[in-house]
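Please look through the sequence and the structure shown here, and then follow the explanation with both of them in view.

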Amino acid sequence: MAKDFNVERNSDAKKVPKRIAFIKDRTRARVRQEEEEMVMTVPNLVAKEIIAFEILIIVLVMVSLFVDAPLEWIANPEHTPNPAKAPWYFLGLQELLHYFPPIVGGVILPGLVVVALIIIPYVRINLKTDGMWKDYPQKTLIGFLVFVGGVTVVLAMFHVYAMLVPTLLMSALMLVPYFVRREGGVIGWLGTRPLSWWVMTWFVVMAVVLTTIGTLFRGPEWRWTWPWNGIY
Amino acid sequence: MKRSRIAFALSSVVFLVVLAISPVKDMLLEWKGYQKDYNRLIQDLPQRVAPAEIGIRQIWVPKLDRVDRCVTCHLGMKEKALAGAKEPFGAHPRIDHDVEEFGCTICHEGQGPATTYKESIGKVAFWEHPMLPREYIEAACGKCHKEKTVTHAPVLSAGRKLIEEANCIGCHKIAGYQRQWVPTLNGIGSKVNRAWLYAWLKDPKAYFPKTKMANFHFTDAEADIMADFLMGFTSFSDSASLDPLPAEAAAPTEAAKTALEELGSTRISEARCISCHSINGKGGSIATDLGKVASKTSQQWLYNYIKSPKRFQPKVLMPRFRFSDKDLAGVVTYMKTEYTDYDLAEPPKHTPDPQYYEKGLALFKKYNCRGCHELEGVGNTGEVGPELTFVGSKKLYEIDFGQSGIEESLPSYLFTKMTKPRVFSSVAKMPDFGFSPEEARAVAVALLGNTNERIPEEMQVRPKQASTYDPQGEFGKLVNDLACFGCHTMEGRGRLVATDLTQEASAAKRDWIENYFKVPYSLRPILTERMPNFRLSDPEIKVLTDYMSKVFLTDTLAHDLSVTEASAAKGKLLYEERYGCKGCHQIEGKGGYVGPPLDKVASRLQSGWIFHWLKDPQALRPESIEPNNKLSDQEAEALTAYLLTLK
Amino acid sequence: MKNALDRIVRSQVWRSIFRHGLPDSNRSRAETVFYNFFLHLHPTKVRKRSIKFTYTWGLGGMSFGLFIVLVVTGALLMLYYRPSVPQAYWDMKDLQFVVSSGTFLRNMHRWAAHAMVALVFLHMLRVFYTGSYKPPKEFNWVIGVVLFVVTILLSYTGYLLPWDQLSFWGISVGTNMIHAMPFGVGDKIAFLLLGGNIVGENALVRFYVLHCFVIPVVAIVLMAIHFWRVRKDGGV
């Protein structure tokens, strides 16, 4: 049978914008609408909310009963404690400052992070749901290697091994699905992760690693100390 | 549905219970228990004591910026009935300060705002001032009382004296202390011999146990370098030079030598050298020990120095005795024979380090010898130690306890610093002053009182302004030459080894003073320190007595009275019976030894002085131990009349 | 007893306050959501799937819960606090030693604040990994990011208030980072924030005002918009 049309199967709306549905005789034409099961907000949701809130407070009260908020010596501008630490959520930043000049660690990097977070929904890369190696794997690989190489050079230059090691580990993880094409399993799952997922995860890993190091592993003169030798 | 209802009910109940825990805990606070205990305790007392209302109590002292809640539990502070009751309810011992006005922590330290035992003691994390241990409590007096001797605070006063005497301000800046006189090192190479210097540097107290010089714990090599360095300084200040020994010193025969020695021995005991100097530990403690001085220095130097001390030590408080060359020859010959240390060890053989000067200078500067000793050509290196004016406010986190392992508190730090000055750091340079534990504690107490707390001006007790009295003219020259200030105080200046002379002409009669200069004798034979015989010439004595009778006079002390037989008899009765004066004073060999004998007192003292003295001895001499018997004017006049008969 | 309750519920006063009956029928349940100010952000009916705990992990809701805890405990703490040097520190001591449950209040406030920073961050991650920032919810994500920054600022401004060494140097270290901004902008901003060149009494007052008034108001407004948009975009 001669065909005067071409059927391409693809779920990607960008590549195959128009779709034709063939309805064969055997199946009845009907749209299967998924009927979402609805429940009343009161009491189903509200009860859950209240229980969650109560449990939250119970936990908080128990912590507050047994752990006292710190109160150190009265402020003394003439004596800088060693090390002087910011609150824990800034210790990642403080750790960055240890490696980079203040303008980079204190202004540019945190500024970039906030901007990057804000523009996430407006960047097309974040709307893609395909695994990062799905389209143009070669091109992607080159871009990827160039980027990782650049980052490696910069981090090595400033001796930021705390960032470099996790970065390289993650890069290796990213490359696994490129070389081992497999459906299913952990590798298959990794292969379906889009680029935006990798970038965000990289950011989270960095934030967690730096904050942990700054909080637990830094002592006088911002030297490396093990937590069991005292948390400063 | 049912499950979620149960979950809802359960979580709500737990929620409410948990929220109630903290308010319930508030009902069981420690201090409430103490207050109930107190109310039970007072019920058993025979006296009526008002029960405590349950609630937090506090003393608020705005001018000292303190809120002290100690009285929440220390409820019996002012109840005499509770003297000796179990703590925390006992009454406070009587003190001169009202608790309501001063609060508690200004003296005791600790955490005033706290309402639990542990927190109020203040030995908790992040509290700077835990309660002062009992043996350091006088430190608190020092915060407001800045005068040198604080009544009722003997430890503090002793500590301040030690700080002044040890010349701590040579290295540390401390407000309120006077620099001490320390011998200059100019010409030391022409004064002492190297063997002595080496031994001295190694351990000064081995030569003279009471020396103020501290032990720097020099190594043998360092002591060698320092000795070589110092021996190089052979020229004296103001280009003074040593005269040769007089011809009289040459004793060709044994007999001549013995005669010289006898002369020297007589002169030495006449001059009462042991008033100030000790001989092998026996004698005065104002000046250095002479027991081994002939091994320290040469006869020639001794001759020159005794002849005119201030030529070599311009500010020394040693009087210039009017010895003839013959006398001096006898004195130094005697000293050579008697005051030699035959056990002085020869220092180990050594070849001088070729760089001994540079290295010696570096050591001299490192240990800030210049802080105490003058040395020509070496500039002032300034204070090398930390300032101690506010050391009592030092924060614990500013202290490096090193590996000392001592209790981490400021009192224990300061105490240890005094006993083992270099225990906290291997690079510490502070020397060892050889303080006994009591002395170390006294110094620590005095230092702890140096705080920067803001004390209102009206609550501070400031030391008296240092006297600027400086007599001029002939009298002034003599005072300097005889180093009168070394023992006597005049117009607020000088030491109080002997009498304060400021009112001497109101006290003693001129004739007596003149005679006293000629033949000084001790009024109190039990004292070591005695007025030496300077062998003053008559014109010199006239200069002294003229000035004294004009200047050392207080008009208000004059009190003429006529002696009648009746009044003298009444006085005698008072002397012997009513006031038992003979318990301490002797007349005609009968009576005690504590006070001076009163034979011939009428030829010594002015009638006004006796009268006023009897009325209030401490008004005239605060340090006097004569009891103030609060005599009436009539009684005092009668007693004076009796004493005036003792001519 | 039941009669009396009925009469109260039916009284005009009661009905003027609660315009719906007890939520015992679907109608009155719907009315409860509809007429109640606090519940009206919710739809009357929700998809069963979306109220499953693991659907959102309740992170946003719990963050809001912590915010309420912080407002309540914060208001109580304000009663005992003076933003001046050194009284601020002594007020902390008074909270500990004389205020009933003072330590407990301060602990609650402190730990809730730390927990809120963590929960808001986790909430942000959850939203990202479930792709919930995608159109049409882009702008709500932006508001969320701003709210995250606001949360950190709230916690950070509160960090100075106890006026102990931890506060003082924590804030000093943080504000020193601002100085790194180029062209003198950083110095200007730091000066504006601290009311001087160093952390002192002026800084304490400014941080107090920011912590207790300015930033909470901003947060409340942003939260209102945030919740409203969640609802408009089809969420619970």
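In this predicted model, a network of salt bridges links B:Arg66, B:Glu109, B:Lys143 and B:Glu453, where a salt bridge is a side-chain nitrogen of Lys or Arg within 4 Å of a carboxyl oxygen of Asp or Glu. Helices (H or I, at least four residues) and strands (E, at least two) are DSSP runs, numbered from the N terminus. Are these two partners buried or exposed, or something in between? B:Arg66 is buried, with a relative accessible area of 14%, whereas B:Glu453 is partly exposed, with a relative accessible area of 24%; buried means under 20% relative accessible area, exposed means over 50%, and partly exposed lies in between, with a 1.4 Å probe and for protein chains only.

Because the model is predicted, local features need pLDDT of at least 70 and side-chain atom pairs count only at pLDDT 80 or more, whereas totals for chains, interfaces and linings use all residues, and side-chain values use heavy atoms, with hydrogens and water left out.

B:Arg69 lies in the loop between strand 2 and helix 3 (99–102) of chain B, and C:Asp94 lies in helix 6 (residues 87–97) of chain C, so the pair joins two chains. At 5% relative accessibility B:Arg69 counts as buried, while C:Asp94, at 22%, counts as partly exposed.

The interface around this pair can now be described as a whole. The contact, which means heavy atoms within 4.5 Å, takes 13 residues from chain B and eleven residues from chain C. The area buried between chain B and chain C is about 1000 Å², of which carbon and sulfur atoms give 52%; buried area is the accessible area (1.4 Å probe) that two parts lose on being put together, summed over both. In chain B, the residues that lose the most area to chain C are B:Ser22, B:Asp26 and B:Arg69, which together give 32% of what that side buries. Across this interface the rule finds one salt bridge.

By an automatic or database domain assignment, chain B is divided into domain 1 (30–131), domain 2 (154–173 + 399–459), domain 3 (188–338), domain 4 (473–553) and domain 5 (565–644). The centres of domain 3 of chain B and domain 4 of chain B, taken over C-alpha atoms, are separated by 27 Å, and 18 residues of domain 3 of chain B are in contact with 19 residues of domain 4 of chain B. Between these two domains of chain B about 1600 Å² of area is buried, with carbon and sulfur atoms giving 53% of it. How many salt bridges does the rule find across the interface of domain 3 of chain B and domain 4 of chain B? The rule finds four salt bridges there, and B:Glu540 forms a salt bridge with B:Arg322, with the closest N and O atoms 2.8 Å apart.

Finally, turn to chain A, which has seven helices and one strand and follows the pattern β-α-α-α-α-α-α-α when read along the sequence. Of the 232 residues of chain A, 39% count as buried. The side chains of A:Arg218 and A:Glu95 meet in a salt bridge at 2.7 Å, N to O. This pair links distant parts of the chain, 123 residues apart, with A:Arg218 in the segment after helix 7 (195–216) of chain A and A:Glu95 in helix 2 (residues 91–99) of chain A. A:Arg218 counts as buried at 6% relative accessibility, and A:Glu95 is buried as well, with a relative accessible area of 0%.

Note on methods:
Residues are numbered from 1 along each chain as its sequence is written. Chains are lettered from A and ligands numbered from 1 in the order in which they are written.
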